[in-house]
Amino acid sequence: MNFSNENNSLGGYLITNNKRKQRLEKLSIQIKFTQDHQIVYSKEGAILRIDKVCDAFQNPEIFNNLDYIHYLFWQGQYCKNKMKVGKWIVFWDKVFVKNVGGYYKDGEKQGIWIDLFLNYQNQAQIFTSGEYYNNFKMGFWKYIYQDKMIGGGYQNKFGQKQGKWIELDDGFCNSKQVTFEGEYKMKGMKVDRWNIMYCFQEKMDLKKCKYFSIIRNVIFIYSGGGSYYQLKEQKKIGKWVELDEGFYDSKQVTDNGEYNKEGMKIGRWDINFCKYNDGGGSYDEEVGQKKIGKWVELDEGFDTY
């Protein structure tokens, strides 16, 4: 990554709490890369964190959520050429996190590591565990949540995912326990059918579920999914049920429609809340991905809060 004086925006959702329940609130964080190798995080003009990048030869680690920015600090050693070496450990809110971290050699991760999940935060304490070889993940990698393995799969010597995987949604948290189940081909590309699964918190009759899976006594029910085109790399095709960007317990909104062979939305797409139709509209059949005609769309902040 090249450092510059330009600002980059990072969008996401923040989990907030009150006496009744958790909810997701959309936020935007600005990231600035300076010429003297600093990363500056800010929100609405207020500086949240400044990191000095000592290892100028490696791509710097960019924090992608607010809790990371506030609470996460790695501790370890650099050698004379400013490359990470030896064991690195992690502190969260100034408290040492046991059994997390691993070893560097000449700035590259090597051997067994227990790392923090991309969306690790106070309401989503999730870890990833597996082996590195020259900074590439290889072999079996697993996701650990509440001391249980809830997903994972294999990666080849080039760090590409292979075969069947259970992946966690990038925003996986207590209020959004969403996983994706499917298969990767040789180049690390998704193929065939992928199911979107959701851990429903309330009791329900599993006989009425179209599809469900049980992972370490945790029940995930079918909530959506579709197929990837084998002749086009990572292109969606045919009918899909997708989760809304801000999907969580109190906003169970899905988008239902069809993709053409170019991976573009066409025809009628419905917006459903808890399986009831609440809106939608049409995409141009020829151009694709272009909305036309009348639409009923849900507000970004829509939920049952």
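Which residue lies over the face of Phe180, and at what distance from the ring centre? Lys190 does, at 5.9 Å.

The views below show a predicted model, in which local features need pLDDT of at least 70 and side-chain atom pairs count only at pLDDT 80 or more, while totals for chains, interfaces and linings use all residues. Residues are numbered from 1 along each chain as its sequence is written, and side-chain values use heavy atoms, with hydrogens and water left out.

**View 1. Charges over rings at Phe180 and Trp113.** A charge sits over a ring if NZ of Lys or CZ of Arg is within 6 Å of the ring centre and within 35 degrees of the ring normal. Besides Lys190 over Phe180, the charged end of Lys109 is placed over the ring of Trp113, 4.5 Å from its centre.

**View 2. The largest pocket, with a volume of about 1,400 Å³.** On a 1 Å grid over the protein atoms alone, a pocket is an open set of points where a 1.4 Å probe fits, with protein on both sides within 12 Å along at least five of seven lines; lining residues have an atom within 4 Å of a point. The volume is the space filled by probe spheres set on the points, which are joined across faces, edges and corners. Of the 42 lining residues, Glu61, Ile62, Tyr104, Lys109 and Asp115 are the closest to the pocket centre. The lining comprises 22 nonpolar, seven polar and 13 charged residues, where Ala, Val, Leu, Ile, Met, Phe, Trp, Tyr, Cys and Pro count as nonpolar, Asp, Glu, Lys and Arg as charged, and the others, Gly among them, as polar.

**View 3. The aromatic pair of Tyr78 and Trp88.** Rings of Phe, Tyr and Trp (its six-membered ring) pair if their centres lie within 6.5 Å; planes under 30 degrees apart count as stacked, over 60 as edge-to-face and the rest as tilted. The count comes to 24 aromatic pairs. Tyr78 and Trp88 are edge-to-face, at 5.4 Å centre to centre and 85° between the planes. Tyr78 belongs to strand β5 and Trp88 to strand β6, ten residues apart; strands are DSSP runs (E, at least two residues), numbered from the N terminus. Tyr78 is partly exposed at 33% relative accessibility, whereas Trp88 is buried at 4% (buried means under 20% relative accessible area, exposed over 50%, partly exposed in between; 1.4 Å probe, protein chains only).

**View 4. The aromatic pair of Phe117 and Tyr143.** The ring centres are 5.9 Å apart and the planes of Phe117 and Tyr143 stand at 90°, so this pair is edge-to-face. Phe117 is buried, with a relative accessible area of 5%, and Tyr143 is buried at 11%.

Definitions and conventions:
Helices (H or I, at least four residues) and strands (E, at least two) are DSSP runs, numbered from the N terminus.
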